[in-house]
Structures are given as structure tokens and as C-alpha cells.
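Good morning, colleagues. Please look at the sequence and the model on the screen, and I shall then take you through some of the contacts.

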Amino acid sequence: MKLKKQVTVCGGAIFCVAVFSLYLMLDRVQHDPSRRQSGGNFPRSQISVLQNRIEQLEQLLEENHQIISHIKDSVLELTDTGAVSPSGQLPFRSANGSWVLPFDGRPTFLAVKPQDCQFALGHRGQADLQMLDVYSLLSFDNVDGGVWKQGFEITYEPTEWDDEPLQVFVVPHSHNDPGWVKTFDKYYTEQTQHIFNNMVVKLTEDPRRKFIWSEISFFVKWWESVDTLKQEAMRKLILGGQLEFVTGGWVMTDEANAHYFAMIDQLIEGHQWLERNLGVIPCSGWAVDPFGHSATMPYLLKKANLTSMLIQRVHYSIKKHFASTRSLEFMWRQAWDPESGTDLFCHMMPFYSYDVPHTCGPDPKICCQFDFKRLPGSRVNCPWKVPPRAISETNVAERAQVLLDQYRKKSKLFRSKVVLVPLGDDFRYDKALEWDQQYINYQKLFDYMNSHPEMHVQAQFGTLTDYFSAVYKANGVVMGARPPAYPVLSGDFFVYADREDHYWSGYYTSRPFYKNLDRILESHLRGAEILYSLAVSHARHARMEGRYPTSDYSLLTDARRNIGLFQHHDAITGTAKEIVVIDYGTRLLRSLIGLKRVIINAAHFLIMKNKDVYRFYQTEPFLETVRRAPCVSVTRCLLLPCRYLVLFNPVEQERLCLVTVLVNSARVRVLTEDGQTLPVQLSAQWASAVQMSGEVYQASFMARLPALGLAVFHLYDSADSPMTLRSDTLLRLPGHSQSVRGVDPLPVRSQAADPQPFYIQTQSLMLGFSGTTGLLESVRRKDDAQEVRVQMQFFTYGTRPSKDKSGAYLFIPDGNAKPYMQKDQPIVRVVEGPLFAEVVAHYQHFQQTVRIHNVPGVDGLSLDITTLVDIRDQTNKELAMRIVTDIQSEGTFYTDLNGFQIQPRRYLQKLPLQANFYPMPTMAYIQDSQYRLTLHTAQALGASSLASGQLEVILDRRLMQDDNRGLGQGLKDNKRTANRFRLLLERRSSRSRVSVVVLQDRVSFPSLLSHMTSAILNHEVLALPVIPKKRGVPPLRTFSPLAAALPCDFHLLNLRSIQNQDSHSPSPHTALLLHRLGLDCGLEAHNPGFNCTTTQGKLAVAALFRGLDLQLLQPMSLTLMHAGTPLSNGSAVALEPMELATFKIQLH
């Protein structure tokens, strides 16, 4: 009877939706203002309007059909004989052995508009230089080029500059690492503060002197420590154009491992400080030291309204090729850009390094003679054995001629007669003497050159923007425009090699513990920003601002800056000294504690049913946080008999997911806010491979959580808990050597391992495992008859026995990987139950857990994989996880850049093995005309595909020696590290079965399901237990901040409170950062477990936030330094696919 009633209700729902949708269609057609009544014949324009209306109607019918078909699917789930338990409530096992859950009564649908799929298939702007093609073209032969070892001989005619003199801009700089071989604070105390103190004095001595500075983290520390006289002197130099801030980020960010959330956040932190304190807006980007360059960076700089950028660390063969074709300056365009809107002018430095010997021209022996810090008597000398000579009247003519020869040769590699000559190195200009040595000697050379017209040169000190301005002027174009005939480039510059086969692909994995910690911090920061902004807005709305702890803003600032600091190219990269790594880790941990406090305080206010009873006590937190464990979360026990649990969903879509908490009672019962009892799967907490903990249990339950919201659950100890079902546990042991005992009420079975494969399954997936290894062998989706080989294997790499070896930066293996071997067979644990099933394989150096969730939607469609790695007893070993399939990927694979976009890769046989590994910040996939297999990751690691159908990831590396890049240490501080993944197998829809040739296009996008899978992996549910109160807990309610669902191709990147001009407190304004995702709709769509629609990029911001009024909506540049015209509050904003957009909003 109950079943019939449900079917009737859902059938009625289908009918209502259909009728209402058709009514809306007709209404839209009838009331369209573009329709005009006219008598007689239709004019041509009216016929075309009518034709458009018919097309729109057809499209609406198609969308309506999609919605109805998804509701039908939901009804089928209800009416299927295996989908409702006999009781209508309890989970039960169907005939095929999989567990069936009671339906949660919420039919959901997926309705992606066809237009929102067109972007992935559409036209692309043409690039003259496509980096995939450049790699295919080059031989990478490393021929000796003479004085320019990695290049070629440069010649010129002396008369070439007779009509247009050479313009030379010498740009003094000092590259300051915010932590590397010393900590940030030690560098500042011992070197950096002296650079600034000397700068104020020495630049003031002569207005012709110029300097550029990049790292705002150091500048802020100096500014806040000096008196107003020094501040005013520095401000005068900046306003006078003598000191330029380049890029203006908190650090010079790594571009391989950093996630675009953190890259943007550190850029905003730097830019906001510059604007607030100095009124400065950076124009040019400067990245001389990141180890390879990502295509994401020019896009971010472009969106921040910078007009030009410079890069340095690019593979020496590519530099040589670009130099020979005069392509070192180009417009860098995003591969997915259909036009030229993302173009940014980029200058690639041509030579080996950014130090003085490699910047004046092709001959380092000569250029070193013009690094006047190396004058005889200095502690630094020239390796080429010819020291500099101070410039005097007797030698100036000869010295000027020698230097001009280098300038001319360098200029021959570029298309304009303007040449850039950086003058600096790491931590230069920290002594007053060096300022005098460099500036006085160079000024003598410039004065001589400029006073001799026959030399046809104009030389001067300049800033980076002085140089770029001169290039634009020489080409007759405005700042930022494409000079005539300059090439357009798309692609990226990984993998970097500085010489021979020394590929810098090791740092993609180095110190994975900290790479993982970084991402946990980023998710907490984003969550804290969003909840804090919403709590402050709701407090203002309720006129309770004075009672809310807005002082938490200082904790947010501290976290922004510490996470920003960790994006530095020697921090997240894992390439700093051990003592420096500890310093970074301590800062991150302090920020994590602070962010948890911000989240707790915001959640406390937002879940109060009656805000009048809200009281904040600094010493008495209302909630607590629990430390992270596999799945969602908890290693601190929830003490029953009775606890309230608040769950925070940091994802911008409603979330149906499995939540696991630790409890101290096996009789746990879980209730929703409205008193509904939820099914619970009770499992053991394992103290070792074979021993259960007798004190705590894992309680897992399925929760539906509001988008960006807080849901309240009630856990208590109940003698009557029929919805709490025990896991079935089997231990597969190598022989019967170990005794295994269960803990009441959780029995455990054991058996001797046998070679026969075994299986676990849910309603969506069936996984096969090797009886011998306990590792994954196959995946079958229940809607697909075909079992797909997905074989998990482990390998180790050694390092080269002689000469150069692997280190923190370099990966130099001793040949192909060798299979991981251990003497004993692994202990394998198989756990099955109504809500999840998992297989845990225990090996000596790793423990792999493969878990599948029996949950409808996103959470149940992929494999949750945790690989716990501990190689602390290894010597010069790297552990790799390899996934072997029958997918015909044919040497093409795909990795993401910064979690922002996908970059196709090709395995190149002509390059060494280490050159075929690429950064994988969030995902990598292989595909053919039938399947795509995506490995999503919760931490940046190095990845490759060394053979067709394979994906390989380096999990950790322990190396005993330095690799001669300045660090002076190996990697010996390894930690036990949980590497977390989601493995997603998708099938191409029959209508989009395209050939592999087409799949090898220049552009690729994840599916909508893949984007969502990445989101749930990187933004875990946070569990916040309510601390028991003597006075009892006041009434709580679920907090659902969004009044309308965000289109599911939108990612809310941040909701970031903006600082007041004069205090460390929030202003009334908030930065809303949105990213519209690019989608590949050619993979079969699945019901995501929530209502998912797209809107062709339109979003009504005024209707987005429940219970708050929108009082300002103003488009801004990415980092809020350039303001657009405010929009009317009722306006919808529109984003193109892949577009990042920032809006300044005021909520009240």
C-alpha cells in the first residue's frame, strides 16, 4: 500500500512538472518582448525571430524531457523490487548480495543545457606555438653551443642599430626566498631587512636609480617594524617610480603543486595590502625561480589586470628553439580560449639562470665581469677566473664596448630593439657597499655609452614595466596589446630541465605529508572564510554585530598569510631544509587551530534557533572540532549517552554522503533534526592489522547536507537501536599463524588467503580483488555488463648509482621501476555492510584501503582510496602506485594544472623516463573511445602514463643525498603519510563515441561528475560536536545559507571578507569569487544525488543568499584592485565557461 502511494505521488509529480514546464514555455513565447504583432506578410526579421522562438521551444522541450526522464529514474528506483525493504525502513540484502537502502524520499534530477556542453566541442583560437607540437618537433639533443653552452653562436652587423638605437634597461633586483636554507624570519633578520634599509638610502641618492621587488611577505614585515620617516621615504621612492612592485603576491608562488585557490588567495593578500597601505597597483609579473611554468599563471595575472609577465626556468632546449626563431616574447593564450581574450604578453629569459653572469648576454665569462659585487676582495668570485674591474676613465671605453657587444647579441634573440638586462641574484644588495659597486660602476658605463652617438645605444636603469612600456611603444601598440607579428603560444612549460637529463620532476612529490596538509588548510580556510562572512552578515542583519566575535578576522588574516607563505616555490615544493620545513609546518598547524576556532564560532551563531539566547564566551566554546581520519572525520570519541553533532558541508551543492564518527557505545542511534532515525553501520576501530580496539567504534550514516550549510544530528546511546547494523568482517591471513578475536558485539571471521579473486559491491559498483595480493583487479559499474580491468600495482624506483643522483628537486632513476616485493603475503581485511564495503591490504611499507559507499549520487559512484605510506626505513627509494587497464590510451594522458584546467600530455620515447612525469595537483586521466579512468587526488603528486592503459603516481621519496641545486640536504624527514584518492571510471555515451585521434585534441575537460568528485574529495565534511552544557543545549536548527541552488557548473571559490582600511576588522564588503567550470558532456551522466541544473552561465546573486539583502554588486578585477561599474542589485551576472570572476558584494 505504501509503495503504491509513493508511486502515485511521484507519478503525479512527473505530470505536474510536465504541465508546468509546458506552461512556462508557452508563457515565455507569448510574452517575449521581441515578438511584435503585425498584419499581412511577415517581414524577414519577424520570420527569423519566429524561427528562433521555435528553436527555443524545441530546446525547452528537450530540457523538459531530461528532467522528466530523471524523475522517472527516481520512480523506478522506488518501484524496483530490490529498492524498498520489506519493512520500508531497514536496509536489506537483495538477491544478488548487494545492500539496498531505504529510499530517502527525495527524487533528484540532472538537467544540463545543451548550450553548456558546446564549449568543450567548440572553436579554439589559433596559436602559432602549441607546446605539445614544440615537444614533438624538438630532438632534445643538447649540442654544445660554444660560449652559450645550451644555445648557439650569435652574430650581428655593426650597422643594424644606425637607424634605430638599441634601448637597454638594466633592472636591479634581489630574489628573496621566504624560507629555503634559512627560515623566513632568519632570512629577514640576517639579510632582507638590510636590503630595504639600504634601499631607502641608496635609491634616494640618485633619481636615475631603479629597483624591483616581488615578495610582499617580506616587505610587510619590514614596513610594520620601521618608523614613519622610513615609511615616508619608501613611499616617495615608490610614487616616484624608482621602486616597482612586480607581481605583488605574498610570495613568488610555485606553479606545479599549488592549487589555484591558494595561488589567487596569496595574490589577493599581497595586492590588498599594497592598495590599502601604498595605493600601488602592480602592472607586470616576475617569476624568475619557480621550477617550470603553468598556463594558469598568465590567466590569473590577466584577470588581475596585469599587462605583461616574465618567466625564466624553462627547459634549455625550448629556450634554444625559441631564441633561434625569435619567439622568446609571445602572447600567452589559454588553450581553451575561443578568441584572444586571455592573451598576456610574456617575456622568456633566454639563458641558464637569472644571476648576473647569465643575463647581460650569451657569454657568462664576460657578463660575470660586470657583476661588481664580485670585485677582487669579495667573498664571491667569478668561476671563469676573470674578475670584474672597477670602471675608471682609463678603461670605460673598452669596458663599454665589451658590454655593448653582449647587449647587442642578446637583443638579436628578440623582435624589438629594446633589451632587458636583469641585475641581481639571491638576497643581493644586503650591504651598502654592493649598492655603490653596482650603481656607480654601471652609471659610468651608461654615461659613456649615452654620450657617444656612434655607439647607437641608450642605456639606463629601469623597472620591469619601464622595459615592457618601451617594447609596446617601439611596436606602436598600447600596454598589453599584441605587437604586430609577435607569436601566440598555448600550453605550459613542464617538465623543466636546466642541464643534461636533470629533470626537475622529483619535487612534484617531495614531502607529500606537507602537500597533503596544505590542502587540508586550504579547505579549512575556504570554509572559515565562507562561514565567517555569512555569520557577520547575519549578525549585522539581526543587529547583533556587537555580540559576534568579529575579532576572529585576525585569525583569518594569520591563516591567509601562512598558507600564502607555504605556496612559495621552496615550501609546497618540499625543497627547503628540514629546520625550515618544521617552521612551515608549525605555522600551518597554528593556522589550522585558528581556522577551526573561526569555524566553530561562526557555526555556533548560525545554528542557534533563537539568536536572542546567543552568548559568546572566549573560554567556553559551544562546539569542538574533531581531527581528521579516513573518510569524514573523527578520531576523537563522541561520548554518549547523548550528543548533538553539527556537520558542515563546504561544497556549494547539496551533498548526500556517508559520514563516519567514532563513538564509545555499540548501541548508538542517530536522529536527524526532525527526529527521523537513520540507518547506521557499526564497524570496528582497528588498533592494528588484526586487533580491534575494545573502547571505540566507527558509526557510519548517510547524511543529506545543505549546500555550504550546517546540519544538526542527534546521537545517543539507546538500548533499542534496530537501525544500527553491524559490519561483517573477514580477515584473509597468510596461513593460520595469528589468532584473531572480535570485540563484542562485532564478530570477525578469518580464513587462509587463497589465490581466487574476491568481490565487494554496492548498488552502483562491483569491485574485484586479487586473492593473492589483496589489491584491486577490476571494476564493474552495475549499469554496464562489462567488467573493466583496473589493476593496482606497486613499484619502487632507485637512483642512479654514480654521478648525479635524485634529490629534493631532481628525479634521476636507475632505470625502470621494479615491482614492490615483500617476503610475507599481506594481511587483507574485508568489511561489508549496508552503507559501505572496503578492502584493506596491509603491506610492510604501505596500507591501502579501497572503500565504496552504498549511497545514491556522487559519493557512491567512485572508489575512495587511501594509501598510507611509511618508507622511513628505506634508502634511496621512491614508492610508486601504478594502475594498469585495457584502456587504449596510446601514449596520451591528461593532468590538471593547479586544479584549474586540464593539460593533455604525450609520453615521449625520445625523452628519459623522468621527463615524462608531470605535476598532478588534483587529477590525471586516461581515455579511449569507450572509457575514461580518472584518478582524483587530495594532494599534489607526480604522475605519468608510461605505457598505454596505465596511470602511475609517485607516493613518497626518501633520498639520502643532495642533488646539487643549493639545498645541501637529501630527503630524510619522511613521515607516515595518508595519500587520498578517488578513482572514477566513466563510460562514453554512445552518441559521443569518438575516435582516439579526436580525443588527442589540445583541450580536454573533466565531466560534471568528475568535477563533483574532486570537490567532495578536497572539501570533506567537517564534524563539529556540541560540547555538553550544564544548563542544557539551547534549540538548534539546520543552517541552509542558499535560497536557490547554484548552477552545478559554478564553483564558489571563496566568499572572502575584505579588511577595513584602518583596522584589523572586516569592512561591510565581501569578495565573491566564482569559477564557471568547463564540462565534457560526452561521458554518461549520472544522477548526482541532488538537483543539478545549468543556466548558460547566468546567476542571480540577489536571490542567492537566504535571509540577507544584497546592497552592492560590483564587478572587480580578480584581486579587487580595479573596480567595474556597480550593477543593479537585481542583476544576474554572466560567466563564460572557464571564466573566473570577482564581485564586491555587501550583504545585510
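Let me begin with a definition: rings of Phe, Tyr and Trp (its six-membered ring) pair if their centres lie within 6.5 Å, and planes under 30 degrees apart count as stacked, over 60 as edge-to-face and the rest as tilted. By this rule the count comes to 64 aromatic pairs. What you see is a predicted model, in which local features need pLDDT of at least 70 and side-chain atom pairs count only at pLDDT 80 or more, while totals for chains, interfaces and linings use all residues. Residues are numbered from 1 along each chain as its sequence is written, and side-chain values use heavy atoms, with hydrogens and water left out.

The rings of tyrosine 260 and phenylalanine 900 have centres 5.3 Å apart and planes at 55°, so this pair is tilted. Tyrosine 260 belongs to helix α8 (residues 260-278) and phenylalanine 900 to the loop between β35 (892-897) and β36 (901-906), so the pair ties together parts that are 640 residues apart in sequence. Helices (H or I, at least four residues) and strands (E, at least two) are DSSP runs, numbered from the N terminus. Are these two residues buried or exposed? Tyrosine 260 is buried, with a relative accessible area of 2%, and phenylalanine 900 is buried at 5%. Here buried means under 20% relative accessible area, exposed over 50%, and partly exposed in between (1.4 Å probe, protein chains only).

A further aromatic pair is formed by phenylalanine 446 and phenylalanine 461, edge-to-face at 4.9 Å centre to centre and with 70° between the planes. Phenylalanine 446 is in helix α13 (residues 432-450) and phenylalanine 461 in strand β13 (residues 457-461), 15 residues apart. Both phenylalanine 446 and phenylalanine 461 are buried. They also belong to one aromatic cluster, whose members include Trp435, Tyr439 and Tyr442.

Rings also meet charges. Arginine 882 lies over the face of phenylalanine 795, at 3.9 Å from the ring centre, and the charged end of arginine 932 sits over the ring of tyrosine 925, 4.0 Å from its centre. The criterion is that NZ of Lys or CZ of Arg is within 6 Å of the ring centre and within 35 degrees of the ring normal.

I turn now to helix packing. The axes of helix α15 (residues 512-541) and helix α17 (residues 578-607) come within 8 Å and cross at roughly 30°. That makes α15 roughly parallel to α17. Axes are lines fitted to C-alpha atoms, for helices over the stretch in contact, and angles run from 0 to 180 degrees between N-to-C directions. Angles under 35 degrees count as roughly parallel, over 145 as roughly antiparallel, 65 to 115 as roughly perpendicular and the rest as oblique. Helix α8, which holds tyrosine 260, packs against helix α16 (residues 553-566) at an angle of about 120°, with the axes 9 Å apart. The two helices α8 and α16 are therefore oblique to each other.

Finally, some backbone details. Most residues other than glycine have a negative phi, and most peptide bonds are trans. Where are the cis bonds? One joins phenylalanine 494 and valine 495, with omega about 5°, and another joins aspartate 744 and proline 745, also with omega about 5°. Arginine 543 has a positive phi of about 55° although it is not a glycine. Arginine 543 lies in the loop between α15 and α16, and at 75% relative accessibility it counts as exposed.
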